[in-house]
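The sequence and the coordinates are shown first.

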Amino acid sequence: MTDLTRLTLSDAVDGLKAKTFSSQEITQAFLTQIDTSNETLNAYVVVTADKAMKMAKASDAKLAKGQGGKLEGAPLGIKDLFCTKGVRTTACSNILGEFTPTYESTVTQNLWDQGSVMLGKLNMDEFAMGSDNGTSRFGPPTNPWRRKNSNVKLTSGGSSGGSATAVAADLCLAATASDTGGSIRQPAAFTGIVGIKPTYGRASRYGMVAFASSLDQAGPLAKTVKDAALMLEVMCSGDKRDSTSLHLPVPEWTKSVGKSIKGMKIGVPKEYRADGMPEEIEKLWQQGIAWLKAAGAEIIDVSLPHTRYALPAYYIVAPAEASSNLARYDGIRYGARQNGDGSLTSTYETTRAKGFGAEVQRRLLIGTYVLSAGYYDAYYLRAQKVRTRILQDFEEAFKQCDALLTPATPSAAFGYGEKGDDPVAMYLNDIFTVTANLAGLPAIAMPAGLDAQGLPLGLQVIGKALDEESCFRVAAAIEDAASFKARPEKWW
Amino acid sequence: MSVDKNTVRKVARLARIAVPEERLEPLAGELNGILAWIEQLNEVNVDGVEPMTTPVAMTLPMREDVISDGNIRDQVLANAPKSEDGFFVVPKVVE
């Protein structure tokens, strides 16, 4: 029999419906893979084997009767950011201790309602704050990809590093992830897979551990553009429990995959030609442009003059909102309490000092500082106005084009520790992705080639607000032209 | 605007994070590095610009002012580090 774990989500769903194999068979195949691989790859922080087999059995009963949802019987991995009823959820932070939600996030509920099977919870940067998944309380996952003739362990990116590792190493069919500054798209690029962040408000944030509420969006990581479209269709919904969620019909995005891009106008923003950008990235970008031209698209040079201010604005807005959101972790109502000297204030301060890792503490201090008396206007308010400028840049560009093509990351995956100790150097990873979060726009990353060391590189397509369809169409055209079939050589 | 050791101490207090004395100085250095980088935003002309809210214009949804949830005391307490008789137990706050 073929290796079921190597199937795409779409093929697996078809195979399940055709009863070529059962959900219990494919679920067991994944559990076996996880069993033999997870110690090395560290993608899962909780494996829910019993629950998975129970869900698979229920799916098989439905499939036998010709019933079932859009993802009936398909085994998925869930980022540890999503609250899952009865299954430990910690956002990979010590401060959440053994927190076990008594409720389910809307995004995961949507997936279960359509029949998916949960394999477990996936590793991530603590509270999604990081670009290499190095801040997880459980230690980082490992990228299944390695440089040619090297056994240096590489990051699979962050913050959704566990999700990316799991998808790239065939430890699930697809995974949920979240993106505040690039946490879906950068890991996708680093592991040769596809990831999309939809328009802000498409997916409900209910039950998703909050980082920066005006930027956080859920989205999938998957093996193909079509798989990502299928996942996103199920994950998105209007939700009265999230006042920022959009009550709009969710389009059938799978139908945009494969649609011709002939006549589409694709913008190429000159400001994304970052100083010191590696030649390979520039080459990949030019290749992407050539592919789209060959597929009948018209390429238009556009300008997004405020691009360089995106990252600094992000590092005000995100820490400010995080400092407010994470105020809830006081060691009183849930999570791990540390008593300090016995007074209430000392309990708070000790709980938070011991419970939060260094990067989270750094961001909470920055956030508290920029929101403190006298500084709100100079920092947060100004940054929010700069965001408007960034959105206006996009709106201006979209008067001339339907979507934008950019690189996804400024480099291929790097080794742990190779970035040194400078936080700003790590923040620069998000230089191409963060603008879409600040402007709330949909953006997708897909693999487009390998670098000289044999590591995957990705391109990004940014769409107009609510126009995920163009993202999927253009991404599928690149996927088709790139014909990216490379897989990491199995060493784990 | 640059922060010194005392500012870090004050901000840490506001954030309710216990920072040991010997960490204050290195943290001031790290925060100044980030803040110096953020200063570039002062170059942007934001006169007459509204702060960003959302890319998709929408009005905040309204709902009936009725209770839609409740009677789940045990669920609320399920993850408490310490609870007793249906209450959270906290350190003594009144002398």
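**Overall form**

The model is predicted. Chain A contains 15 helices and 11 strands. Its radius of gyration is 21 Å, close to the 23 Å that the globule rule gives for 492 residues, so chain A is as compact as a globular protein of that length. Along the principal axes, the C-alpha atoms of chain A fill a box of roughly 65 × 55 × 50 Å. Of the 492 residues in chain A, 61% are buried. Among the contacts in chain A with a separation of 6 or more, 77% are between residues 24 or more positions apart.

In soluble globular proteins, nonpolar side chains tend to be buried together. The largest nonpolar core here has 166 residues, and Leu76(A) and Ala475(A) touch the most other members. Helix α9(A) gives the largest share of this core, 10 residues. Leaving aside residues up to four places away in sequence, the residues that Leu76(A) touches include Leu111(A), Val117(A), Met118(A), Leu119(A) and Cys172(A).

**Strand β2(A) and its surroundings**

Leu76(A) belongs to β2(A), where it is buried on one side together with Ile78(A), while Pro75(A), Gly77(A) and Lys79(A) are buried on the other. Five of the five residues of β2(A) are buried, so this strand is largely enclosed by the rest of the structure. β2(A) pairs with strand β3 (residues 117-122) of chain A in the parallel sense, over five bridges. One of the bridge partners is Lys121(A) in β3(A), which pairs with Ile78(A). From β2(A) the chain crosses through α4(A) to β3(A), and this β-α-β crossover is right-handed.

Helix α4 of chain A, residues 106-113, is mostly covered, with six of its eight residues buried. These are Thr106(A), Val107(A), Thr108(A), Gln109(A), Asn110(A) and Leu111(A). The cover over the buried residues of α4(A) includes β2, β4 (174-179), β6 (217-222) and α7 (225-235) of chain A. Just after α4(A), Gly115(A) takes a positive phi of about 95 degrees.

**Backbone details**

Most residues other than glycine have a negative phi, and most peptide bonds are trans.

Phe127(A) is in the loop between β3 and α5 of chain A, whereas Asp170(A) is in the loop between α5 and β4 of chain A. The peptide bond from Gly158(A) to Ser159(A) is cis, with omega near 5 degrees. Ser159(A) is placed in the loop between β3 and α5 (161-168) of chain A.

**Contact with chain B**

In the contact between the chains, 58 residues of chain A meet 42 residues of chain B. The elements of chain A that give two or more residues to this side are α9 (310-325), α10 (344-355), α11 (358-371), α12 (377-397) and α13 (423-427). The largest share, 10 residues, comes from α12(A). By class, the side of chain A that touches chain B has 29 nonpolar, 19 polar and 10 charged residues.

Key. Residues are numbered from 1 along each chain as its sequence is written. Chains are lettered from A and ligands numbered from 1 in the order in which they are written. This is a predicted model: local features need pLDDT of at least 70, side-chain atom pairs count only at pLDDT 80 or more; totals for chains, interfaces and linings use all residues. Two residues are in contact if their C-beta atoms, placed from the backbone, lie within 7 Å. Helices (H or I, at least four residues) and strands (E, at least two) are DSSP runs, numbered from the N terminus. Ala, Val, Leu, Ile, Met, Phe, Trp, Tyr, Cys and Pro count as nonpolar, Asp, Glu, Lys and Arg as charged, and the others, Gly among them, as polar. A nonpolar core is a set of buried Ala, Val, Leu, Ile, Met, Phe, Trp, Tyr and Cys residues joined through C-beta atoms within 7 Å. A residue is buried if 20 or more other C-beta atoms lie within 10 Å of its own, exposed if 12 or fewer, and partly exposed in between; C-beta atoms are placed from the backbone. The radius of gyration is taken over C-alpha atoms; the globule rule is 2.2 Å times the number of residues to the power 0.38. Two strands pair if DSSP finds at least two bridges between them. A crossover is right-handed if, with the strands pointing away from the viewer, the path from the first strand over the helix to the second runs clockwise.
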